[in-house]
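Have the 3D view open as you read.

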Amino acid sequence: MSHQSDFLVVGSGIAGLSFALRAAETGPVTILTKKARADSNTNHAQGGIAAVVDSKDSFGLHIGDTLTAGVGLNRPQAVELIVKESPESVRELEKWGVSFTRKDKGVLDLGREGGHSMNRIVHVKDSTGMAMEQALLDRVRNHPRIEMLEEHVCVEIITEHHLTGRKRVPGEKTHCWGVYALNQKKNEVVAYLAGATLLATGGVGRVYLHTTNPPIATGDGIAMAYRAGAMTADLEFMQFHPTALFHPEGDSFLISEAVRGFGGILRTQDGEAFMKRYHAMADLAPRDVVARAIDAELKKSGDDCVFLDVTHLKPDQVRSHFPHIHQKLLSLKIDMTREMIPVVPAAHYMCGGVLTDLEGRSTIEGLYVTGEAACTGVHGANRLASNSLLEAVVFSKQAFLSAVRTLEKSPPKMPEIPEWNDEGTFDQEEWVLISHDQREIRRLMWDYVGIVRSDERLERANRRIQLIADEIEEFYKKTKVTAALLELRNISCVALLIIRCALFRKESRGLHYTTDYPNRDDVRWLGDSVIQENRTFLWPLAQELMF
Ligand SMILES: Cc1cc2nc3c(=O)[nH]c(=O)nc-3n(C[C@H](O)[C@H](O)[C@H](O)COP(=O)(O)OP(=O)(O)OC[C@H]3O[C@@H](n4cnc5c(N)ncnc54)[C@H](O)[C@@H]3O)c2cc1C
């Protein structure tokens, strides 16, 4: 059984939805999404989208801030692209129905976040992502050419090596024909085929014990693309958000950086405003600096958390700027206008991903990757706050333009795709094994592959997770697929890729800090750390990416 459309999109966050809305103007689109349509990192974004829309701001300043945050590893063309497209992206989002917060005279209200030298964060109060997700979903719902299939979890990308009677030759150029996906309601795996496939599966936060990411963020796209032979890159650069709520019922609720932009101050238990000791920008220093500073303070004091203090600000303004955060904290009996907020760092954003060029193309023909699952070169060794929603919108547009051009030039000749073969597998899922393995991997990643690393810790994590991953693979071969098993398999794969990238890079830069190589080394390490088919190598920055 198979299903065919012009465009196939995996994922219903900002990257997938914005691509789908554009693509539907030229042909039928199918969107597969593994849970309910709004379940995504996008839906949780609070701060906003960075854009140069103020006359006092300039492209040069935004580019400069992005390059500073990325510590020499950004690809300048990718940065220039998103920054120059930022005003148009905001206009397009408004056209799609997003009502950004404006001031009295109708001018966009611009927030400030860490690492930005200007106020340039366009936002919808403190629930920007939810507003975007809802607006785009409304559009998609009413579009006659878009079919959205919820509860469809993508299992594998279909390439040459799935074709009957054909052996995959390592290193050969592969083509993507679509994906196999599990319809969870019917419990069957179906081939979804298309001329162009977009992977927009989001991030990997759930690989770590503490994360701001919702449960969908299990790195499925990165793992699937890697298994299909694509290049993945820069996975050592995991951004830890400095301020997730520390509360037993908080489930790593994020306290947006905009709170510090608005005047919030980080303090130790005894009230010291410690960030001045770590960086000239104090509380508005780049995220990696703030996360490491908190980590160092906690190690020094032995405390469980530090505090974010806004009690010196006007309560009315705090309530009106951060209604969502204020309400959430009140529900946990914390009044942020009168009490300090307990916070800890948590895994937040993956800067690396599937390596793509300026058109969003991966190294597999016909497979585009955008959003958090991609490594476009925009973020380098550290993401500047609020650049990710922008990157997703801009690169999804690039991917759409490229896909249309390619399909017009050479319409795909779809080979015969075999049905999913689960002969010899059984229903034998044991939930205890799955939840136990998942907890163990996430704990190991938190303990040994976190904010501060060393070769010894990374080797230890590698040995232990490899053992678990081998067992999972054995189990997978014998078992009928389920969403939980697929996610576990992907988490173990991405965890190993992160560790290998971290072991490969023998320097400290941006989000990757190792006590064995505490300095930055521009002579040896100015490039992307790439993994493909078990091989790790450096792709120099000086060498353009074009697939
Ligand atoms: C708490 C929080 C706050 C943030 N705040 C900001 C901010 O203020 N500004 C900013 O720029 N960025 C922010 N970010 C980051 C930003 O939200 C994400 O990088 C961005 O939304 C990613 O969009 P995406 O479309 O790539 O992925 P997502 O929005 O995560 O969407 C991924 C989609 O893929 C689906 N999916 C995954 N695997 C499969 C599979 N196997 N089969 C089928 N479907 C699958 C998921 O269900 C989901 O629909 C924040 C992130 C978090 C978690």
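What follows covers a pair of helices and then the ligand. Keep in mind that this is a predicted model.

## Two helices that meet

Let's start with the helix pair. Two packed helices are described by the angle between their axes and the distance between the axes. Here the pair is α1, residues 14–23, and α10, residues 387–409. Their axes come within 8 Å and cross at roughly 35°, and the crossing is right-handed.

On the α1 side, the residues in the contact are I14, A15, S18, F19, R22 and A23. They meet L389, A392, V393, S396, K397, A399 and F400 of α10. Sorted by class, the residues of this contact come out as nine nonpolar, two polar and two charged.

## Around the ligand

Which atoms sit by the ligand's oxygens? A polar side-chain atom of E372 is 2.7 Å from a ligand oxygen, and T33 also brings a polar side-chain atom, 3.1 Å from an oxygen of the ligand. With A15 it's a polar backbone atom, 3.0 Å from a ligand oxygen.

On its own, the ligand would expose 1,000 Å², and the protein buries 98% of that.

Notes
Residues are numbered from 1 along each chain as its sequence is written. This is a predicted model: local features need pLDDT of at least 70, side-chain atom pairs count only at pLDDT 80 or more; totals for chains, interfaces and linings use all residues. Side-chain values use heavy atoms; hydrogens and water are left out. Axes are lines fitted to C-alpha atoms, for helices over the stretch in contact, and angles run from 0 to 180 degrees between N-to-C directions. Helices (H or I, at least four residues) and strands (E, at least two) are DSSP runs, numbered from the N terminus. A crossing is left-handed if the near helix is turned anticlockwise from the far one by less than a right angle, and right-handed if clockwise. Contact means heavy atoms within 4.5 Å. Ala, Val, Leu, Ile, Met, Phe, Trp, Tyr, Cys and Pro count as nonpolar, Asp, Glu, Lys and Arg as charged, and the others, Gly among them, as polar. A polar contact is a pair of N or O atoms within 3.5 Å; within protein, one must be able to donate a hydrogen and the other to accept it, and residues adjacent in sequence count only if both atoms are side-chain atoms. Accessible areas come from the Shrake-Rupley method with a 1.4 Å probe; for residues, only the protein chains shown count as cover.
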